[in-house]
Amino acid sequence: MDKKYDVVIVGTGAAGLYAALSFPNSVKVLLVSKRELELSNSSLAQGGVACVLDTIHDSYKLHITDTLIAGKYKNNLSAVEKLVSEGPSDVLKIKDLGVDFDLNEDGTMCKTLEAGHSRNRIVHHKDSTGKAIVDRLIAEVSKLNNVTICDNALVYSIDKVLNGFYINILKNKEALHIGCNYCLLATGGIGRVYKYTTNSAIATGDGIAFSYMLGAKISHLSRIQFHPTAFAADQDRERFLISEAVRGEGAVLLNCKGERFAFDYDKRGELAPRDVVSNAIMLESIKTNSEKFYLDITHKPADFLKNRFPMIYERCLEEGVDITKDKIPVFPCQHYLMGGINVDLDARTSVDGLYAAGECSHTGVHGANRLASNSLLEALVFSRAAAADITRRIKKYGRKTLGNEPAHRGIEGKPMPQGYRSKIRELLQDAYFVIPKPEKFEQSYKQAEQILTELFSDNFEITSDLVEAKSIAIVANIILDEVREGINL
Ligand SMILES: Cc1cc2nc3c(=O)[nH]c(=O)nc-3n(C[C@H](O)[C@H](O)[C@H](O)COP(=O)(O)OP(=O)(O)OC[C@H]3O[C@@H](n4cnc5c(N)ncnc54)[C@H](O)[C@@H]3O)c2cc1C
């Protein structure tokens, strides 16, 4: 690894990988990932990518309208238009790079329906689309000689200097300080701020915390999507998802008495947007005084289910549930962050030279609620936009001298006491899960603020535990501050 790059990309999910592929060979890029390259929310994506590839049966206008309806018209229309109109060419590009999308017999891409979409427009690779995309993009990035890949390398802080940044990285218990003119944060979501989430272990909001410390504008962190149908395991923090596509293929939602109830809450029934179905489950839970809910798709042929949902079939079997014969226990779970680091249509944050793309960013495309399968599309479109803007700036202004390297503190210090992260998760789970509890906001905020103060008041040893505890504490504070102020609710 060198001491200086044109661009450092933090994150190897769909956003980080696709950005790396979108730079010309002349731009020198460092791509870092805090764990293995494949460990990300992108790898977990099941359903697919929403995009309009067939303008006879579908249209950009319909995709835009569906996105706005799901987002309760709180979306940024220009960002939605960019997403919908530019997305198809990015999807075709990754297909050309070899992503193995499911095809019809005539060679066209299979398109399925998901909740909130008025047309079949979700392209997919069985029920493991994200893994198919990530694996293929990693293989392609590995061929590039302008991109250096560094895995198991935790960015623990970022310093702003005159014309760029120093990215402070913990690798093999050693601190590295890498200079760059531009930095793209593609660090993903915040699921680990909650007790139960579908998100991968890396989703601790690090990029959001770094941006906040650099003074970047952060928007709508309390716009959190709770997925209605995560597998209701007893203890696991990371709950696997029973994708929307299962309801798209006809699964019905049942309460503890075996009754269908989704139509009692919304005329779209099981296919209403996620927030509507999650709310329906929570209200039905109060009504029936039970947290037992099920998805039932046993009326479909077993062969169809095994072929259409091989991953869900296998994962459920591991939990003792055969989806071809048994009802699947489900309950809502933290799933996705609509807000994030505020960016413009070129993925620029409010800090010069700092970009953000993917789930850590807030482009405004999702408004108050994300339409299913729009997030991989957003990761592709806006990470490519970031790469294009940075490339243009390098060509126009050349490579600038960074400015003086700041003094860095060593990584040594006393060990951080245990328990901070669990406490924060409990605070959020209790005060702000699907149906907010305003009576808890003020007290939860004060407790989260106290934890944050303690984490920053001591020179603890810099470890991944400390960095992630600080990140989730910052994120929790911003969320609880927004909700107690009544923003977004
Ligand atoms: C179970 C599940 C199913 C989903 N299904 C779909 C779907 O069907 N369709 C869809 O459109 N969306 C889906 N989503 C959402 C979608 O997968 C994500 O929003 C999207 O993939 C996020 O991509 P990303 O590149 O922004 O972040 P991620 O893919 O999460 O990548 C984040 C990267 O940042 C790195 N990183 C983080 N912090 C640091 C640090 N401090 N130092 C170094 N590296 C760091 C991580 O190591 C990782 O490489 C799903 C999400 C989940 C959890």
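How many residues of domain 2 are in contact with domain 3, and how many residues of domain 3 are in contact with domain 2? Seven residues of domain 2 are in contact with four residues of domain 3, contact meaning heavy atoms within 4.5 Å. The model is a predicted one, in which local features need pLDDT of at least 70 and side-chain atom pairs count only at pLDDT 80 or more, while totals for chains, interfaces and linings use all residues. Residues are numbered from 1 along each chain as its sequence is written, and side-chain values use heavy atoms, with hydrogens and water left out.

The domain assignment, whose bounds come from an automatic or database source, gives domain 1 (4-223 + 338-397), domain 2 (231-332) and domain 3 (420-484). The centres of domain 2 and domain 3, taken over C-alpha atoms, are separated by 31 Å. Between them these two domains bury about 470 Å², 73% of it on carbon and sulfur atoms; buried area here is the accessible area (1.4 Å probe) that two parts lose on being put together, summed over both. On the side of domain 2 that touches domain 3, helix H9 (274-288) and strand S13 (328-337) are the elements that give two or more residues, and H9 gives the most, with four residues.

As for the cysteines, the structure holds zero disulfides, a disulfide being a pair of cysteine sulfur atoms within 2.5 Å. The sulfur of Cys-333 is 14 Å from the closest cysteine sulfur, in Cys-316, and is therefore too far for a bond. Cys-316 is buried, with a relative accessible area of 0%, where buried means under 20% relative accessible area, exposed over 50% and partly exposed in between (1.4 Å probe, protein chains only). Cys-333 is likewise buried, with a relative accessible area of 0%.
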